[in-house]
Amino acid sequence: MNLNPLAGRIFSVIESKGFHDIQHSQQESLTFRQLLHLVAEWNEMLEHYQAVHLPGSDTQQELAGLYEEGADILIVALDLAALHRVDLSAVAIEKPVYGGLDFLFLRIPRLIGRLGDIYRKERRLDKRLLSQIIHTTSGILKRHGANPLEEVEVKMKKNAARPQRYGTAEVEE
C-alpha cells in the first residue's frame, strides 16, 4: 500500500488550517527542541536500563550508560528551567521516589508529554511537571547507585571538553 497520497492529503489539510504558518520565537523553538531532546535521552536511558537486566550484558558498561543518559535528562531539564527562569529551589532531589522502577520509567515520558502539551497550548513551562521529571530521573539514578548531581557534573565536564559545537558531527579518532 502506498501511503504517499494519504500523507499528501493530510499535509494539505493541515497546511490549509494554518498549522504550518505558525512562526515561533527563538525561545519557543529551543523549548520544542529541548522537549524532543528529553524524549530522545529518556529513550537512551531506557535502553541502558533494559540492557542492565539482560543475561550476559556488561552490567557495569550499561550502568555507566544509564548514568550518562540520566545526567543528560537532568541537563536538558535544567537548561529548560534556566531558559524559562523556573525557580527550582524547592525541588528536593534528595527525597526518595516511590514506585517500582518500571513504573518510574513509564512515568517520565508521560510527564514529558504533558509538559509538552501544556507548553504547546499555553506557551508556559509547567514548573510542577518539570520538577517531577527532575525528581523521578534523580530517583532512578539513585536506585542504581549513582549520585545524580555528580553525574551531571561529570557529563558537563565531558560536554565542555568537546571540540565541536552542538549540532555538528563528532570527529572519529
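**View 1. The largest nonpolar core of the predicted model.** This core has 38 residues, of which L38 and F105 touch the most other members. At least two residues come from each of helix 2 (26-52), helix 3, helix 4 (101-122) and helix 5. The biggest contribution is that of helix 3, with eleven residues.

**View 2. Surroundings of L38.** Leaving aside residues up to four places away in sequence, L38 touches I73, V76, A77, L80 and I112.

**View 3. Packing of helix 3 against helix 5.** Helix 3 (residues 59-83) and helix 5 (residues 127-143) have axes 10 Å apart and pack at an angle of about 160 degrees. Angles over 145 degrees count as roughly antiparallel, and the two helices are therefore roughly antiparallel to each other. The crossing of helix 3 and helix 5 is left-handed.

**View 4. Residues at the contact of helix 3 with helix 5.** On the side of helix 3, L66, Y67, G70, A71, I73, L74, A77, L78 and A81 take part; they meet L130, I133, I134, T137, S138 and L141 of helix 5. By class, this contact has twelve nonpolar residues, three polar ones and no charged ones.

**View 5. R85 in the loop between helix 3 and helix 4.** The phi of R85 is near 55 degrees, a positive value in a residue that is not glycine. R85 counts as exposed because its relative accessibility is 76%, where the cut-off is over 50%.

**View 6. R123 in the loop between helix 4 and helix 5.** R123 is not a glycine, yet it has a positive phi of about 55 degrees. With a relative accessible area of 32%, R123 is partly exposed.

Note on methods. Residues are numbered from 1 along each chain as its sequence is written. This is a predicted model: local features need pLDDT of at least 70, side-chain atom pairs count only at pLDDT 80 or more; totals for chains, interfaces and linings use all residues. Side-chain values use heavy atoms; hydrogens and water are left out. Axes are lines fitted to C-alpha atoms, for helices over the stretch in contact, and angles run from 0 to 180 degrees between N-to-C directions. Helices (H or I, at least four residues) and strands (E, at least two) are DSSP runs, numbered from the N terminus. Angles under 35 degrees count as roughly parallel, over 145 as roughly antiparallel, 65 to 115 as roughly perpendicular and the rest as oblique. A crossing is left-handed if the near helix is turned anticlockwise from the far one by less than a right angle, and right-handed if clockwise. Contact means heavy atoms within 4.5 Å. Ala, Val, Leu, Ile, Met, Phe, Trp, Tyr, Cys and Pro count as nonpolar, Asp, Glu, Lys and Arg as charged, and the others, Gly among them, as polar. A nonpolar core is a set of buried Ala, Val, Leu, Ile, Met, Phe, Trp, Tyr and Cys residues joined through side-chain atoms within 4.5 Å. Buried means under 20% relative accessible area, exposed over 50%, partly exposed in between (1.4 Å probe, protein chains only).
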